[in-house]
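The sequence and the structure come first, and the notes follow.

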Amino acid sequence: MTSLHPALRLSERIAELLTDPAAAPAAWSSRPQWRQSLAHGAPGIALLHIERAAMGLGPWEPVRAWLTVAAGAPVTSGTDSYLYYGAPALAHALTCAAQARPGSYQRALDHLDQTVAADAVRRCEQAENRTERGNLPRLAEFDTIRGLAGIGSILLRRSRDGEAIRRVLTCLVRLTENVTRQGKVLPGWWTLAGPSNEMDERFPGGHANNGLAHGIAGPLALLALALRRGIEVDGQREAIRTVLAWLERWRDSHAWLYWITPAHLTGPDRRPLPRQRPSWCYGTAGIARAQQFAALALDDPHLRHDAENTLATALVDPKALTATTDMSVCHGYAGLAHIAHRAAADASLRNAGRLRSAATLLLDTTHPPHADPDEQAHHLVATAGPAFLEGAAGTALALLAPATGATPATRWDACLLTS
């Protein structure tokens, strides 16, 4: 049996501090998005307690308490909803709970399935109309956080035999087709906005985003995950190879550029990159995991080794890790430990051991020897907040699988497109 890492106690202590919704910091619970936000509110904290209960590490009472907050009023759907807010966010949390307790929340999930599928089709219609008009997309059309890749992660779990997931995949395939603007050939996911999804004077002419959270690695992961599950539309394999070729163009031995601007297109293709944090949202961890999925879907052992080797190398690179400054699931040490653990389970024998060792080293960073987990937990809740994506709940959740050596019981990390 795998020995438990001391970081598990830190995870447990955070969960204890976040047991009662009424005790949540008012600075957070008073925010308008608190009830419906997977990233910043109740659904994300519910995920922590759902996974703990499913693993037999905690009771179900906190799950019911946090889900009551999340579903305590009409849930947002339509254009204002996305994976991390509204109906899709609640659907993800309830799906995780129902996986642990089959048959539970079925009426609510049936309703949410219809809502999310209908919204996905509307989003696809909008994307198709935008393409027909010859306009470039916004990141929120296709990315993981707000776009089709994220919505697709819900459909892949809940409605994999439905038409909506195939419609989403078809839109993402079309997104990979090149476009020509002012004599320049650009990837179809080029956007005129900046990385914030808003127009940004720092990005004249726009950019192509490579990250898993906001860029093309999200669609890559979804296309590959769907293919691995036997869901394929015309052009899907070619689209995966197109994105892989683009990512190969914009990397060196240890990292990918976060984004590509017009200046990059007119300069040399390859250039030394400064050490960047190897995070889920933008860095090597997220992109390499998507690349690993693509390799498995295409049955490409060379690409698989490359993805796993790049990830294992980045996660023990002192200069890269120096750029990592927190413990969050989004861009911190706990998130990196979780991805290393997940990637190790899918890795070839030659890389699995390296990835498991990296996960252990990252856990040691989150909970150094002689650290007091109680003090750590209080400090984290006070400074980073209780939330999932960048706060204490996500940190505690990301620590669970690598600290116990287990496979996540609920696939909570499907919302990250890392499973």
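In which helix is Ser-11 found? Ser-11 is found in helix H1.

## Basis of the model

This is a predicted model, in which local features need pLDDT of at least 70 and side-chain atom pairs count only at pLDDT 80 or more, while totals for chains, interfaces and linings use all residues. Residues are numbered from 1 along each chain as its sequence is written, and side-chain values use heavy atoms, with hydrogens and water left out.

Helices (H or I, at least four residues) and strands (E, at least two) are DSSP runs, numbered from the N terminus.

Ser-11 counts as buried, at 0% relative accessibility. Buried means under 20% relative accessible area, exposed means over 50%, and partly exposed lies in between (1.4 Å probe, protein chains only). Leaving aside neighbours within four places in sequence, Ser-11 is in contact with Ala-396, Leu-399 and Leu-400. Contact here means heavy atoms within 4.5 Å.

Helix H1 (residues 7–17) packs against helix H19 (residues 392–404) at an angle of about 145°, and their axes are 8 Å apart. Axes are lines fitted to C-alpha atoms, for helices over the stretch in contact, and angles run from 0 to 180 degrees between N-to-C directions. H1 passes H19 in a left-handed crossing. A crossing is left-handed if the near helix is turned anticlockwise from the far one by less than a right angle, and right-handed if clockwise. On the H1 side, Ala-7, Leu-8, Leu-10, Ser-11 and Ile-14 take part, and they meet Ala-392, Ala-393, Ala-396, Leu-399, Leu-400, Ala-403 and Thr-404 in H19. By class, the residues of the contact of H1 with H19 are 10 nonpolar, two polar and no charged. Ala, Val, Leu, Ile, Met, Phe, Trp, Tyr, Cys and Pro count as nonpolar, Asp, Glu, Lys and Arg as charged, and the others, Gly among them, as polar.

## Helix H4

Helix H4 (residues 61–70) has Pro-62, Val-63, Trp-66, Leu-67 and Ala-70 buried. Seen down the axis of H4, these buried residues fall within an arc of 125°, so they line one face of the helix. The arc is that of the directions from the helix axis to the C-beta atoms. An α-helix has 3.6 residues a turn, so residues three or four places apart point the same way.

What covers the buried residues of H4? The cover includes helix H3 (42–54) and helix H5 (87–100).

## Helices H8 and H10

The axes of helix H8 (residues 148–158) and helix H10 (residues 217–228) come within 9 Å and cross at roughly 25°. That angle makes H8 roughly parallel to H10. Angles under 35 degrees count as roughly parallel, over 145 as roughly antiparallel, 65 to 115 as roughly perpendicular and the rest as oblique. H8 passes H10 in a left-handed crossing. H8 contributes Leu-148, Ala-149, Gly-152, Ser-153 and Leu-156 to the contact, and H10 contributes Gly-218, Pro-219, Leu-222, Leu-225 and Ala-226. The contact of H8 with H10 has seven nonpolar, three polar and no charged residues.

Gly-152, in helix H8, counts as buried at 0% relative accessibility. Apart from neighbours within four places in sequence, Gly-152 is in contact with Ile-165, Val-168 and Leu-222. The C-alpha atoms of Gly-152 and Cys-415 are separated by 9.8 Å, although the two are 263 residues apart along the chain.

## Helices H6 and H9

H6 and helix H9 (residues 163–175) pack at an angle of about 25°, with axes 9 Å apart. H6 is therefore roughly parallel to H9, and the crossing of H6 and H9 is left-handed. By class, the contact of H6 with H9 has nine nonpolar, one polar and six charged residues.

## Loop residues

Tyr-105 lies in the loop between H5 and helix H6 (106–133). Tyr-105 has a positive phi of about 60° although it is not a glycine, and it is partly exposed, with a relative accessible area of 29%.

Gln-182 lies in the loop between strand E1 (179–181) and strand E2 (184–186). Gln-182, also not a glycine, has a positive phi of about 50° and is exposed, with a relative accessible area of 84%.
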